[in-house]
Amino acid sequence: MIRVLFNKKGGVGKSSLTVNLAAISATQGYRTLLIDLDTQCNSTSYLNVTDLPKESSIADLFEQTITFHLHRRPTSEFCHPTQVENLDIIAGSERLTELESELDSRHKIYKLREALDSLKSTYQHIFIDTAPALNFYSMSALIAAQRCLIPIDCDDFARQGLYSLQQKIAEIKEDHNENLEIEGIIANQYMTNANLPKQIINELIAEGFPVLSEYIGQSVKMRESHQAKKPLILLAPKHKLTQSLIGIFELLDKN
Ligand SMILES: Nc1ncnc2c1ncn2[C@@H]1O[C@H](COP(=O)(O)OP(=O)(O)OP(=O)(O)O)[C@@H](O)[C@H]1O
Ligand SMILES: [Mg+2]
């Protein structure tokens, strides 16, 4: 199953959730791949992926679609092991920015889907981290994926953004990817003792949004985990935050 974590709003937890869900999936024994499509490369650095072989990032994978090669390298050559057993990564790259307009003008929007098709038998779960923008790369991811997970930080701007996001996803489904579904809205940094998050989540549920029933609280452990460059399942497997992330993973459709 290919999942993309997407929200045009920044700082809602896309990278934190992508890395932690992928790490949980891998520690449960599923062959798992994370793809970092954000030029900020937060997922890549969170997993402490540094010494990569030359020309083997996500930018190189895209670049070979616009340069002539006698032998195109298979996608598997861009997948690298991480510190987590069973978890591989296609690492992010700042060079995605300079490639974007050419990829777009040469209509390479289906290339990620084609690349991932060849990995379906290798990985049971693929998680894609995206930038906070509906750019060429997040569009490519929404075209390649079967499921979209939308993290929100439970404020009113996040709710307003959801309506246009829902419309955009419906349009992509109709025009490019009939398999695409919004699998769940993930309430992140949820504060149990404040009224507003509860109210926002209840309204979203009443409007029919598929809010996942497990909410993720706010905890400094998340930042500690970033700083240690270790996913929570390795750093603090018993912590409440880790347990709710496991709870989210358990809610995902395992097909
Ligand atoms: N549950 C949480 N508890 C505490 N802090 C959190 C939690 N989730 C995310 N954060 C913090 O919020 C900030 C943004 O998180 P993150 O980078 O994962 O969001 P993002 O959506 O990927 O951001 P961007 O849009 O810039 O890619 C980080 O500093 C992170 O540590
Ligand atoms: Mg991010």
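Which backbone nitrogen does a side-chain oxygen of Asp155 reach at the start of H7? I looked it up and found the backbone nitrogen of Phe157, to within 3.2 Å; a polar contact is a pair of N or O atoms within 3.5 Å, and within protein one must be able to donate a hydrogen and the other to accept it, while residues adjacent in sequence count only if both atoms are side-chain atoms.

I note that this is a predicted model, in which local features need pLDDT of at least 70 and side-chain atom pairs count only at pLDDT 80 or more, whereas totals for chains, interfaces and linings use all residues. Residues are numbered from 1 along each chain as its sequence is written, chains are lettered from A and ligands numbered from 1 in the order in which they are written, and side-chain values use heavy atoms, with hydrogens and water left out.

Then I turned to ligand 1, where an oxygen atom is 2.5 Å from an N or O atom in the side chain of Ser16. A nitrogen atom of ligand 1 is 2.9 Å from a polar backbone atom of Gly217.

Last, I checked Asp60, which lies in helix H3 and is buried, with a relative accessible area of 11%.

Note on methods. Helix = DSSP H or I, 4+ residues; strand = E, 2+ residues; numbered from the N terminus. Buried < 20%, exposed > 50% of the residue type's maximum accessible area, 1.4 Å probe, protein only.
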